[in-house]
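Here is a short note to read beside the model. Please follow each point in the viewer.

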Amino acid sequence: MHYPKFPENCRSLLCKYLTPEVFEALKDRKTSNGFTLEQAINSGVKNPDSSIGVYAGDKESYRVFSLLFDPIIEEYHGFTKEDAHHSNMEPELLKAPNPDPEGKFILSTRIRVGRNVDNMPLGPAITREQRNKVEADVIEALQRLEGELAGRYYPLPGMSKEVQDALIRDHFLFKEGDRFLDAAGLNRDWPEGRGIYHNNDKTFLVWVNEEDQLRIISMQKGGDIKAVFTRLVNAVKSIEMKIPFSYSYHLGFITSCPTNLGTAMRASVHIALPKLSQDMAAFKAITDRYHLQIRGIHGEHSESEGGVYDISNRRRLGITEVQAVQDMYDGVVALIATEKALG
């Protein structure tokens, strides 16, 4: 393997921190799962328009390739290699009465976390057999869920095109074809070992073996953010009784993409801001103040439709889950107040 040639306009954190010296120091290293630097950087090399460009193949990757991962994590999260992460999943500490009880602005609320199984490689390095074992163990845990979390698991193999399309339309189902994940090795053996679980009310979902081994998602119409967080916490705690999650006292919950480390949480609302969105500088000033990200309603790299935006927390590492949701809540309150003031 030779030092990759990046285009001059490459702005990814991989381009910034993979110096020839770092490359020479890491190019022959491997984790105990056989994961190499070449695999870690392949997505960013193949896709020079990446914003990050690196993926971990296992928990060990963050230590073995720390010369590359540490500065990327520090720039993205403002979190140094001496810092420690603390988790807090206590809904009663969240101060979040519904900011939009009349339903004029918030269409829906969605909070999700990524989780991976302890002592298993992550998606970029996992074998077919290991991925299938993860799926079998997760199905067993999901089948034990009760009450409002009770539902059904739908494996991707054999799923009819109609069911797939309907689930994608509802923002329920993940789909193949993301070139960043593909180059990271995350789409291997597609669709084997992958599926989706949802409860009977369609307010709780689990994606199995997408970017992370579990994406646990709580959602509902409207702006009752605390109810959505409470359901998520109950689900995570129930699943964790059967599935041990990969966690580090330094980096929090371990994920394949370093941007998701820590809480591995994305708390978001779909919110209509037709007036404020006419002035993106003012809009962005508010979201920056509360550490929030603005996306289109179909997720990353998509456009807004009808003045509706997806607003979510940007900070994940070095803050607790409660703080991450509080960031999102406080920012949404400010956005609604500004939209109202614009009359």
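1. Start with Ser218, which counts as buried because its relative accessibility is 0% (buried means under 20% relative accessible area, with a 1.4 Å probe and protein chains only). Ser218 sits in strand E5, residues 214-221 (strands are DSSP runs of at least two residues, helices of at least four, numbered from the N terminus).

2. This is a predicted model: local features need pLDDT of at least 70, side-chain atom pairs count only at pLDDT 80 or more, and totals for chains, interfaces and linings use all residues. Residues are numbered from 1 along each chain as its sequence is written, and side-chain values use heavy atoms, without hydrogens and water.

3. Which residues does Ser218 contact, leaving aside neighbours within four places in sequence? They are Thr109, Arg110, Ile111, Thr203, Val228, Arg231 and Leu232 (contact means heavy atoms within 4.5 Å).

4. Now look at Ile111. Beyond four places in sequence, its contacts include Ile216, Ser218, Phe229 and Val325. Ile111 is also one of the residues that touch the most other members of the largest nonpolar core, which has 56 residues (a nonpolar core is a set of buried Ala, Val, Leu, Ile, Met, Phe, Trp, Tyr and Cys residues joined through side-chain atoms within 4.5 Å). Helix H11, residues 321-341, gives this core its largest share, nine residues. A second, separate core has 27 residues, including Leu13 and Phe65.

5. Finally, H11 packs with helix H10, residues 280-289. Their axes, lines fitted to C-alpha atoms over the stretch in contact, are 9 Å apart. Phe283, Ile286 and Thr287 of H10 meet Gly331, Ala334, Leu335 and Thr338 of H11.

Terms used:
Buried < 20%, exposed > 50% of the residue type's maximum accessible area, 1.4 Å probe, protein only. Axes fitted to C-alpha atoms, helices over the stretch in contact; angles between N-to-C directions.
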